[in-house]
Amino acid sequence: MYFDVASTAPLHPVARQALTAALDEGWADPARLYRSGRQARMLLDAARETVAAVLGARADEIAFTASGTQAVQLGLLGALAGNRRRGSHFVHSAVEHSSVLHVAERHAGGGGEVSVAPVDRGGRVDPAAFGALLRPDTALAAVQSANHEVGTVQPVGEVAALCAEAGVPLLVDAAQSAGRVDVPAGWSLLTASAHKWGGPPGVGVLAVRKGVRYASPLPADEREGGRVPGYVNVPAIVAAAASLRAVRAEAEQENARLHALVERIRTRVPQLVPEVEVVGDPVRRLPHIVTFSCLYVDGEVLLTELDRAGFAVSSGSSCTSSTLTPSHVLAAMGVLTEGNVRVSLPYGTAEADVERFLAVLPDLVAGVRAPLGLDLPAPKPAAGESLLVIDALGKRCPLPVIELAKRIGEVPQGGTVAVLSDDEAARLDIPAWCEMRGQEYAGEVPAAEYGGDRGSAYLVVRRTT
């Protein structure tokens, strides 16, 4: 199962269809006046209109880049250059994408000043703290719409209002949210990346509001309003626009479904795995991303084990994992930077796939921790939740299931029953019973975590009377 759309989403079927058609109809140079060139230009203009409509911009404010990273870099550098008479001070949050951090580093190296706004433990910027960093010589501010590692949605509207009051242009990186949720208001520059929403890779979006001072940091070029030099990939842009419109139309229904699945992961993982912390804002978050950190675990090792079990997830920052450096996002939040797993669910994820993930995770984490010889406590039920342990060790099925049926009424709705069994048939019978009786099967962990000396603990959450 592919659970890493925060890195890149699978190509949307609509994108595939549009790309195939545009390869036949939009292959020519859209700057030429002959028929095939005019056809390509029409497709490019239509794609620009579509993207502008979804992002809440004018078509002539939209420029297409080679990637989301390039869009961020050109947007930042161009706005800093365009506002250099105002000053050279740049403000951004501590949890921005690495593309912002690299521009900030270059800006500071060239004599500019950079201020970094802190975040709370949930990864959220305090608008008042951000606004306090704005100065008369602030040339530009940047804040992401939602965090790429933990899914926390930023208070862009409040930050934008403070920036507007101070006369400071604001760049909003909407790479993770574009197509999924409404674009926040108040931005001066906006960036996005097609492969995050199911479009083809190699297409980024840079939107610059009319009236915002912008000076291209690159040599002049007549294409894309002079902001992005070079030949445009018309077929890929057409596919990106078509898929953006498609996912936005699907978003309301799918977001509600994915939000519920992510909420299940957020709730169940701490109950199934000892010494684990779910990070990110629990309420103000994207519907499809959940991140948790496991103490005493190497995140890369756990990812390898999950891959072997059939799950593709990521750890820490997708843009820094290859550098062997801790995630700057998690460090800024003050949470554990090791043993980190980010799950980001694609559209269409089935409930059964999430249940299977929850079923295999505890044993995989326990296996990674095993060589350390740690004596970890069993996971505790959530606050206000009841836990009942049924010791059915040594009993053959259907006795463990019978004991479960007889005693599940001892816990309130939402309470958890851990059935200890060393009979292999329980692995099939207990989930099947839950399906028949409308109860929630929450996975399997070693019985030792609930006091058993062998076998497994099968966890059942009471949902019905």
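Predicted model: local features only at pLDDT ≥ 70, side-chain atom pairs only at ≥ 80, totals over all residues.
**Reading helices, salt bridges and a surface patch**

Trainee: Which residues of helix 2 are buried?

Mentor: Start with the cut-offs. Buried means under 20% relative accessible area, exposed over 50%, partly exposed in between (1.4 Å probe, protein chains only). In helix 2 the buried residues are Gly-37, Ala-40, Leu-44, Ala-47, Arg-48, Thr-50, Val-51, Ala-52 and Leu-55. They pack against helix 1 (13-25), strand 1 (62-65), strand 6 (189-193), strand 7 (204-208) and helix 7 (234-272). Just after the helix, Gly-56 has a positive phi of about 75°.

Trainee: Which residues are buried in helix 12, and where do they sit around its axis?

Mentor: Ala-426, Ile-430, Trp-433 and Cys-434 are the buried ones. Down the axis of helix 12, they fall within an arc of 100°, so they line one face. The arc is that of the directions from the helix axis to the C-beta atoms. The face turned away from the buried side carries the exposed residues Leu-428, Glu-435 and Met-436.

Trainee: What covers the buried residues of helix 12?

Mentor: The cover includes helix 11 (399-407), strand 12 (416-421), strand 13 (440-446) and strand 14 (456-461). Just after helix 12, Gly-438 takes a positive phi of about 75°.

Trainee: Which residues of helix 6 are buried?

Mentor: In helix 6 (residues 156-166), they are Val-156, Val-159, Ala-160 and Cys-163. Their arc is only 100° around the axis, which puts them on the same side of helix 6. Helix 5 (127-132), strand 4 (138-144) and strand 5 (170-173) are included in what covers them.

Trainee: How many salt bridges does the structure hold?

Mentor: Side chains of opposite charge can pair when their charged atoms come close. A salt bridge here is a side-chain nitrogen of Lys or Arg within 4 Å of a carboxyl oxygen of Asp or Glu. The structure holds 27 of them. One of these joins Glu-61 and Arg-209, with the closest N and O atoms 3.3 Å apart. Glu-61 lies in the loop between helix 2 and strand 1, and Arg-209 in the loop between strand 7 and helix 7, so the pair ties together parts that are 148 residues apart in sequence. Glu-61 is buried at 4% relative accessible area; Arg-209 is partly exposed at 26%.

Trainee: Which residues are linked in a network of salt bridges?

Mentor: Arg-264, Glu-351, Glu-355, Glu-440 and Arg-463. Take Glu-440. Its place is in strand 13, and it is buried at 8% relative accessible area. Contact means heavy atoms within 4.5 Å. Leaving aside neighbours within four places in sequence, the contacts of Glu-440 include Arg-264, Glu-355 and Arg-463.

Trainee: Which backbone angles deserve a look?

Mentor: The peptide bond from Cys-397 to Pro-398 is cis, with omega near 20°. Pro-398 is in the loop between strand 11 (387-391) and helix 11. Glu-224 has a positive phi near 50° without being glycine. That residue is buried, at 10% relative accessible area. Glu-275 also has a positive phi, near 55°, but is partly exposed at 36%.

Trainee: Which residues make the nonpolar surface patch?

Mentor: Patches are made of residues with over 30% relative accessible area and no salt bridge: like charges are joined within 9 Å, nonpolar side chains (Val, Leu, Ile, Met, Phe, Trp, Tyr) within 5 Å. Accessible areas come from the Shrake-Rupley method with a 1.4 Å probe; for residues, only the protein chains shown count as cover. Tyr-296, Leu-372 and Leu-374 make a nonpolar patch of about 290 Å². Tyr-296 sits in the loop between strand 9 (289-294) and helix 8 (299-308). Tyr-296 is partly exposed, at 41% relative accessible area.

Definitions and conventions: Residues numbered from 1 in each chain as written. Heavy atoms only, no water. Helix = DSSP H or I, 4+ residues; strand = E, 2+ residues; numbered from the N terminus.
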